[in-house]
Amino acid sequence: MKRYLAFTEEDELLLRSLGPRLEKYFPEMAERFYSQIPFHANAFRVFTGGEEQIVRLKQTLQRWAGGLFTGVYDQAYAEERFQIGYRHVRIGLEQKYMISAMGVVRAFFNECLLQEFPQGEQQHVVALAMGKILDLDLNLMCESYMHATVQNLRSLNEQMERANRDLAEASQSKDEFLAHVSHELRTPLNSILGFTKLILDGLCSSPEEERQLLHDVFASAQHLLGLVNDILDIGRIEAGKLALQSETVSLRAVLDSTLPLVAITAAEKSLSLIDATAGVALPMVRADEVRLRQVLLNLLSNAVKFTNYGSVTVRALLNTNPGDEFGVEQPTLVRVEVEDTGIGVPPEKRNSIFEKFFQVDPSNSRRVGGAGLGLAISRRLVELMGGKIGLEEGKSGRGILVWFTAPLASQQSIDTLQPPAPKAVRATK
Amino acid sequence: MPAKPLSILIVEDHPLIAKFYRLALERAGGFACIVTEKVDEMLAEIEAGRVDLAILDVSLSATEWEGRNIDGVELARLLRERSPGKIPILLATAHAMAGDRERLLAASGADDYLEKPIYDAKQLIEKVLQLLRRN
């Protein structure tokens with residue numbers, strides 16, 4: 001038996017002429033069909049059979065191309081059949097039953113061909129040819145489906161690995177947090193227990209010494225209380241269990257009630273504590289009043305703690321948007337700044353300063369106290385209240401400026417904040 | 001004339017805890033205490049044979065050697081290396097998570113380990129005497 005090149009350029013043109021028909025019935029498959037013609041062409045390039053059969057194949061292909069669905073079927077019926085067949089393929093693919101989809105399609109085409117080419121041999125040859133095209137097409141579909149499945153699995157795997165890594169990291173950071181907390185709690189406890197035991201054991205040399213030790217005990221216990229509160233806050237915030245009020249809060253009242261709390265320490269260190277907004281109308285903000293005060297107190301006591309000479313200044317400014325479509329600038333946020341002339345923060349440490357337990361200078365923090373939770377808590381509180389927090393170099397070139405924003409309560413008519421005459425806050429004892 | 005008291009080196013960066021060690025050891029044990037965070041001073045005392053035992057904190061914030069911060073673990077190895085005789089070293093730390101004890105003892109070569117809070121003068125002194133007798 002001779003082997004012929006059965007698939008000629010002419011055949012390819014014929015196949016291509018099927019395109020528009022395919023587009024009509026299988027709009028979503030047409031593009032794939034065109035791209036697969038070269039594959040089909042290869043598959044038919046070697047055809048085992050006689051000259052006569054090749055001629056017949058060509059004829060039948062031509063007939064098929066010329067009027068497959070208009071001969072036996074009327075147009076409407078043919079379309080309907082194709083739609084049904086196509087839906088089967090789609091359902092099969094979607095439900096991932098590739099084999100069944102292939103079977104359905106094969107059966108459907110066989111049925112079409114039987115109807116179209118009732119005569120024995122012709123039907124056989126065309127069915128063979130069509131079947132091959134179909135098989136190839138379905139195989140390619142299978143392959144691309146498998147490929148997509150493998151890709152999906154791979155990306156699922158990657159996602160799981162990533163999730164595992166994240167979990168491991170979270171668990172490690174939890175362990176580190178626990179170790180840190182345990183360390184921080186034991187330190188003041190050591191002083192509290194140690195000094196009271198010394199006193200109880202009668203090891204003090206004088207009542208004055210006992211008094212001094214009791215003072216140390218008291219300071220350590222206060223430090224411990226602050227630590228416990230901070231740790232509870234961080235825990236609650238991280239568990240998403242910190243319920244914040246959304247109140248209309250007077251910024252003026254918050255400033256006025258918070259500044260006196262640091263005024264005594266500032267006075268003891270001979271620092272000027274300056275309220276740059278004294279006597280100016282301040283806007284109402286939307287916030288949780290207790291937490292807003294906590295943030296401000298954190299920033300102010302940090303500033304006082306890390307400043308040995310000079311001043312600590314607090315000021316408030318309205319932040320305006322670039323403007324609406326009419327070019328009218330609308331203030332939406334108030335920005336509160338706490339600036340000091342203290343020891344400052346080196347630029348490379350400024351990004352880490354809002355992280356838990358971060359100490360710019362561990363040896364100094366031992367002297368001034370504090371576990372390094374205040375700024376971490378402040379950042380989270382500010383963000384929960386819809387604002388932002390940040391740190392800049394102090395304007396005087398010394399110290400730092402920590403700012404945070406809070407949303408305004410609503411549209412208010414506020415006189416633009418004028419830079420007022422600075423006023424020193426007096427320590428009230 | 002009474003015998004010269006045994007001398008204990010205390011390296012602890014928390015001033016109140018250092019104060020507790022000193023008071024407890026002086027008052028309840030009759031020891032003399034040297035409290036410092038400076039390596040030069042420690043080495044001078046040790047090389048002159050004026051230290052009988054050292055109590056070292058693990059987390060040290062202000063102790064530097066060769067231009068960098070070192071912790072109690074490294075310090076223990078350094079003191080060991082530089083002391084003429086074998087001085088007992090007691091690590092004291094608030095690192096008290098599972099596995100810390102073994103890890104820190106192995107890494108430092110210290111003789112024993114105390115977990116903070118350490119607040120009983122009698123227990124502290126017993127531990128110190130036990131180590132002194134062993135040597």
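1. In this predicted model, strands S8 (residues 389-393) and S9 (residues 400-407) of chain A pair in the antiparallel sense, and five bridges join them. Within this pairing, A:Ile389 has A:Phe404 of S9(A) as its bridge partner. The hairpin of S8(A) and S9(A) has six residues between the strands, and in it A:Gly397 takes a positive phi near 85 degrees. Strand S9(A) is mostly covered, since six of its eight residues are buried.

2. Helix H9 of chain A comprises residues 289-305. Among the buried residues of H9(A) are A:Leu292, A:Val295, A:Leu296, A:Leu299 and A:Leu300. The buried set also includes A:Arg291, A:Asn298, A:Asn302 and A:Lys305.

3. Turning to chain B, one finds five helices and seven strands. Read from the N terminus, the elements follow the order β-α-β-α-β-β-β-α-β-α-β-α. Chain B has 135 residues, of which 38% are buried. Of the contacts in chain B with a separation of 6 or more, 61% are between residues 24 or more positions apart.

4. An open sheet in chain B is formed by five strands, in the order S2-S1-S3-S6-S7, with parallel pairing. Strands S2 (32-35) and S7 (112-115) of chain B stand at the edges; each has a single partner strand, and therefore one side of each is left without a neighbour in the sheet. From one strand to the next, the twist averages 20 degrees.

5. Which strand pairs with S7(B), and over how many bridges? The partner is strand S6 (residues 89-93) of chain B, and the two are joined in the parallel sense over four bridges. One of the residue pairs is B:Ala92 with its bridge partner B:Leu114, the latter in S7(B).

6. The contact between the two chains takes 21 residues from chain B and 20 residues from chain A. On the side of chain B that touches chain A, helix H1 (residues 15-29) of chain B gives the most, with seven residues. By class, that side of chain B has 14 nonpolar, three polar and four charged residues.

7. Is B:Ala107 buried, exposed or partly exposed? This residue belongs to helix H4 (residues 100-108) of chain B. B:Ala107 has 16 C-beta neighbours inside 10 Å, and therefore it counts as partly exposed; a residue is buried at 20 or more such neighbours and exposed at 12 or fewer. B:Ala107 and B:Arg77 are 30 residues apart in sequence, while their C-alpha atoms are 8.6 Å apart in space.

8. Helix H5 of chain B (residues 121-134) has 14 residues, which at 1.5 Å a residue should span 20 Å; the end C-alpha atoms are 20 Å apart, in agreement. The buried residues of H5(B) are B:Ala121, B:Leu124 and B:Val128. These residues cover an arc of only 70 degrees around the axis, so they lie on the same side of H5(B). On the face turned away from this buried side, H5(B) carries the exposed residues B:Lys122, B:Glu126, B:Arg133 and B:Arg134.

How values were computed:
Residues are numbered from 1 along each chain as its sequence is written. Chains are lettered from A and ligands numbered from 1 in the order in which they are written. This is a predicted model: local features need pLDDT of at least 70, side-chain atom pairs count only at pLDDT 80 or more; totals for chains, interfaces and linings use all residues. The expected span of a helix is 1.5 Å times one less than its number of residues. The arc is that of the directions from the helix axis to the C-beta atoms. Two residues are in contact if their C-beta atoms, placed from the backbone, lie within 7 Å. Ala, Val, Leu, Ile, Met, Phe, Trp, Tyr, Cys and Pro count as nonpolar, Asp, Glu, Lys and Arg as charged, and the others, Gly among them, as polar. Two strands pair if DSSP finds at least two bridges between them. Axes are lines fitted to C-alpha atoms, for helices over the stretch in contact, and angles run from 0 to 180 degrees between N-to-C directions.
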